[in-house]
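Hi,

Here is the model I said I would pass on. Have a look at it first, and then read my notes below.

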Amino acid sequence: MEKYNTLRKILDSGIVAVVRGNSKEEAIKISEACINGGVNCIEITFTVPEADDAIKEINHKYKDVVVGAGTVLDECTARIAIMAGAKFVVSPCFDEASAKMCNLYQIPYMPGCMTINEMKTALKSGVDIVKFFPGNAYKPEIVKAWKAPMPQLNIMVTGGVNLDNIEKWFNSGVAAVGAGSNLTGLYNGDDYSGITDMAKKYIEKIKEIKGR
């Protein structure tokens, strides 16, 4: 049931903030700036030092926020993330062992895929949402081509998503978008207000696209 609730929240939100940072403290501040702007699905990447501790802290402080782990390359890291409280696990590529680990704990696994064959393999391994990465390698129309033979595909595009093209991605059939540097990179020193302002714009744009 918890897995279903996590997937529902991600799909309802339509956006996951991809958080990177030079320290745990920086990642937490970036995450909080996104949350203050209304983005409640946060992916803390394991390129962040002490990423598992950052996940724990955000989970403890924000009960209504869905916190996941990103840049998970292997099953060991997947389990560390899950034990830290990650509600979903994201990878830049598909890893069967990671998929099995996430299935064991009923945690959504979102691997990066770029071909029909990779996506088919991911679906056969129990993946509910496929991460299309990097999105800026193709035009949004590619999603329609993929979903033609596999209409059951749920795709989250990450890489190159911005306010100018987000509507095209949704119109092409993605279920959600992952927003990286265009959202989470907008800070200067201890001033994270740029992230909060951009988060609000993303939320308003998605509401407009979905007709809410």
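I'll start with Q106, which counts as partly exposed because its relative accessibility is 46% (buried means under 20% relative accessible area, exposed over 50%, partly exposed in between, with a 1.4 Å probe and protein chains only). Before going further: this is a predicted model, in which local features need pLDDT of at least 70 and side-chain atom pairs count only at pLDDT 80 or more, while totals for chains, interfaces and linings use all residues. Residues are numbered from 1 along each chain as its sequence is written, and side-chain values use heavy atoms, with hydrogens and water left out.

Q106 has a phi near 55°, a positive value in a residue other than glycine. Its place is the loop between helix 5 and strand 5 (109-113); helices (H or I, at least four residues) and strands (E, at least two) are DSSP runs, numbered from the N terminus. E50 also has a positive phi, near 55°, and sits in the loop between strand 2 (41-45) and helix 3 (51-61). With 46% relative accessibility, E50 counts as partly exposed. Then there is a cis peptide bond from F133 to P134, with omega near -5°. P134 belongs to the loop between strand 6 (130-132) and helix 7 (142-147). For background, most residues other than glycine have a negative phi, and most peptide bonds are trans.

**Helix 4**

Which residues of helix 4 are buried? In this helix (residues 75-83) they are T77, A78, A81 and I82. Looking down the helix axis, these buried residues fall within an arc of 135°, so they line one face of helix 4 (the arc is that of the directions from the helix axis to the C-beta atoms). Their cover includes strand 3 (66-70), strand 4 (89-91) and helix 5 (96-104), contact here meaning heavy atoms within 4.5 Å.

At the start of helix 4, a side-chain oxygen of D74 comes to within 3.1 Å of the backbone nitrogen of C76. After the helix comes G85, with a positive phi near 110°.

M83 lies in helix 4 too, and counts as partly exposed because its relative accessibility is 44%.

**Salt bridges**

How many salt bridges does the structure hold? There are 8, a salt bridge being a side-chain nitrogen of Lys or Arg within 4 Å of a carboxyl oxygen of Asp or Glu. One of them joins the side chains of K29 and D190 (3.3 Å, N to O). That pair links distant parts of the chain, with K29 in helix 2 (residues 24-36) and D190 in the loop between helix 9 (181-184) and helix 10 (193-210), 161 residues apart. K29 is partly exposed at 37% relative accessibility, whereas D190 is exposed at 63%.

K61 and E32 also meet in a salt bridge (2.9 Å, N to O). Here too distant parts of the chain are linked: K61 is in helix 3 and E32 in helix 2, 29 residues apart. K61 is exposed, with a relative accessible area of 53%, but E32 is buried, at 18%.

E96 is partly exposed at 46% relative accessible area, and K100 is exposed at 54%. Elsewhere, salt bridges that share partners join E167, K205 and E208 into one network.

Cheers

Methods:
A polar contact is a pair of N or O atoms within 3.5 Å; within protein, one must be able to donate a hydrogen and the other to accept it, and residues adjacent in sequence count only if both atoms are side-chain atoms.
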